[in-house]
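Please open the model in a viewer and keep a selection tool at hand. The stops below are meant to be followed in order.

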Amino acid sequence: MPRLLPSPSDWIARLSTPGRYAVGLGMVALSWGAAELLHLWTGSPRLGGPFLVGVLVTSYLVGSGPGYLAAIVSFVVYNVLLANTRYSLASYTPEDVLVLLTFPTVALLMGNLTGRVRDEAKRAEARALATAVLFEGTREFSISDDPALIRARLADHLAAAAQGRAFVMAGEALYSAGGEAPAPMVLSAARALALEEGAELRTIEAAGWRVRRMTGGGAAGWRADPPLGPDEESLLQILADAGAAATARAQLAVAKAEAEARGRTEDLRNALLSSISHDLRTPLAAVLASASSLQEFGDKFDAKTRRDLTATIQEEAERLNAFVTNLLNMTRLESGALDAQNATFDLAEVVDRTRRRFERLRGQRRIVCALGEDAGVALGDPVLFEVALANVLENAVRYSPDGGEIALSSFQRDGEVVVQVTDEGPGVTAGELPRLFEKFYRGSAAKRTPGTGLGLSIVRGVMQGMGGQASAALRPDAPSGLVLSLILPAAKA
């Protein structure tokens with residue numbers, strides 16, 4: 001982060017205390033040299049100006065203490081070596097006495113003043129830096145919902161504001177910044193502070209570190225170099241509290257999302273169980289009724305009645321088998337266990353075999369098949385394609401009215417083979433069309449008909465597993481009905 005106020009060079013800021021005083025003596029030596037040059041150039045014995053400048057520069061660069069030393073040494077040098085007599089201890093005139101008395105007073109005052117200005121400038125810079133970090137940190141915290149990321153960034157911002165090291169602890173997780181992690185005794189103190197009973201937020205001292213308890217558990221700590229003033233410490237405490245509040249907000253957001261997800265899952269589970277119970281009970285009731293009738297009155301029924309009851313048992317058992325197969329297919333899709341064995345296959349053969357399966361189930365509906373001659377061979381898994389086509393045909397038969405027509409057609413387009421199933425059912429609205437392949441979704445017109453809403457989602461998953469796709473469109477030539485398209489790559493000649 002750039003400096004907000006001018007400050008001495010970094011190498012001066014890193015000087016030890018003896019080094020700072022050595023700089024002060026060096027400045028006196030430079031002032032002495034400048035005074036000698038000025039005397040040689042002008043011949044004037046009034047040489048206090050260079051020493052006053054040296055004291056001023058010393059006080060600003062390295063502080064008021066070295067400035068005082070520079071003032072005293074400058075007074076001695078000026079008094080003993082550079083007075084009117086030039087290296088002579090002759091008696092002084094009243095004017096010389098006044099200059100000698102005035103010079104140290106002015107030098108000490110200037111050193112004190114510039115030292116205070118320098119120290120205040122450093123404190124202002126530290127406050128400005130901490131304030132800027134606080135602003136940037138709160139802005140960054142407000143746009144994140146990841147508690148771990150917020151804690152890591154809080155450690156970074158605390159280290160930047162303290163111009164040292166920092167850490168944030170939450171349970172067993174530790175986020176440190178600015179250098180090595182704190183010593184074990186500091187972490188132990190932070191854990192003890194975080195586990196204290198009560199809601200009081202307080203800051204403690206631990207081996208040169210400032211450690212603050214955070215709202216919602218955990219602790220944050222920082223070590224500044226050089227130490228910060230009370231105002232800067234307060235800003236860092238506010239930054240730690242802001243990070244804790246942002247972490248609590250993020251945890252609440254995560255908990256809310258999880259609760260909403262659990263609620264949606266529970267709703268889906270209830271809908272699925274309700275649908276399964278209905279879809280299982282209906283065919284099972286038909287099977288049980290037909291079987292018990294045959295068992296009890298079979299010898300009293302004529303041949304046609306027995307055939308009808310037997311056909312009912314077969315049809316309802318096939319419905320149960322198809323229903324269980326759909327559930328298994330959905331489980332395979334969601335677990336990633338769907339393994340498509342893609343190969344070239346005769347499309348017409350698979351379509352015709354699937355169509356014949358629905359001859360007994362179509363009732364009074366007609367299934368019209370018109371396959372194009374140029375769409376005979378496709379690339380995909382014939383077993384999975386039959387699963388997808390069977391689900392589409394089952395939907396068409398279920399929702400088309402008695403006497404309606406279901407059209408099966410195929411054609412080739414841009415290197416792809418397209419199989420379309422067109423029905424005369426109630427269809428869906430244009431707004432519902434994009435959601436038609438979602439799991440458990442059923443159009444408003446279809447809710448009066450038994451079903452789970454799994455069929456078309458299985459169709460989409462199966463087609464994508466083969467490298468194909470499924471799409472739906474409203475019929476352009478009728479007020480209702482759907483056109484379902486199954487698309488596979490065409491086999492290369």
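Is Phe 345 buried or exposed? Phe 345 is buried, at a relative accessible area of 7%; buried means under 20%, exposed over 50% and partly exposed in between, with a 1.4 Å probe and protein chains only. The model is predicted, so local features need pLDDT of at least 70 and side-chain atom pairs pLDDT 80 or more, whereas totals for chains, interfaces and linings use all residues. Residues are numbered from 1 along each chain as its sequence is written, and side-chain values use heavy atoms, without hydrogens or water.

**Stop 1: the aromatic pair at Phe 345**

(Rings of Phe, Tyr and Trp, the last by its six-membered ring, pair with centres within 6.5 Å; planes under 30 degrees apart are stacked, over 60 edge-to-face, the rest tilted.) Phe 345 belongs to strand β6 (residues 343–346) and Phe 385 to helix α11, 40 residues apart. Helices (H or I, at least four residues) and strands (E, at least two) are DSSP runs numbered from the N terminus.

**Stop 2: the largest core**

Phe 385 is buried, with a relative accessible area of 1%. Phe 385, Leu 389, Met 463 and Leu 486 touch the most other members of the largest nonpolar core, which has 39 residues. Such a core is a set of buried Ala, Val, Leu, Ile, Met, Phe, Trp, Tyr and Cys residues joined through side-chain atoms within 4.5 Å. Helix α11 (382–399) is one of the elements that supply at least two residues, and α11 gives the most, with 9.

**Stop 3**

Next, display residues 165–170, strand β1. Here 5 strands form an open antiparallel sheet in the order β2-β1-β5-β4-β3, where pairing requires at least two DSSP bridges between two strands. The edge strands are β2 (173–177) and β3 (203–206). The twist averages 20 degrees from one strand to the next. Helix α6 (residues 147–162) packs on the sheet, touching β1, β2 and β5, with its direction at about 155 degrees to that of β1. Axes are lines fitted to C-alpha atoms, for helices over the stretch in contact, and angles run from 0 to 180 degrees between N-to-C directions.

**Stop 4: Ser 31**

Finally, select Ser 31 in helix α2 (residues 17–42). Ser 31 is buried, at 6% relative accessible area. Beyond neighbours within four places in sequence, Ser 31 is in contact (heavy atoms within 4.5 Å) with Pro 50, Phe 51 and Gly 54.
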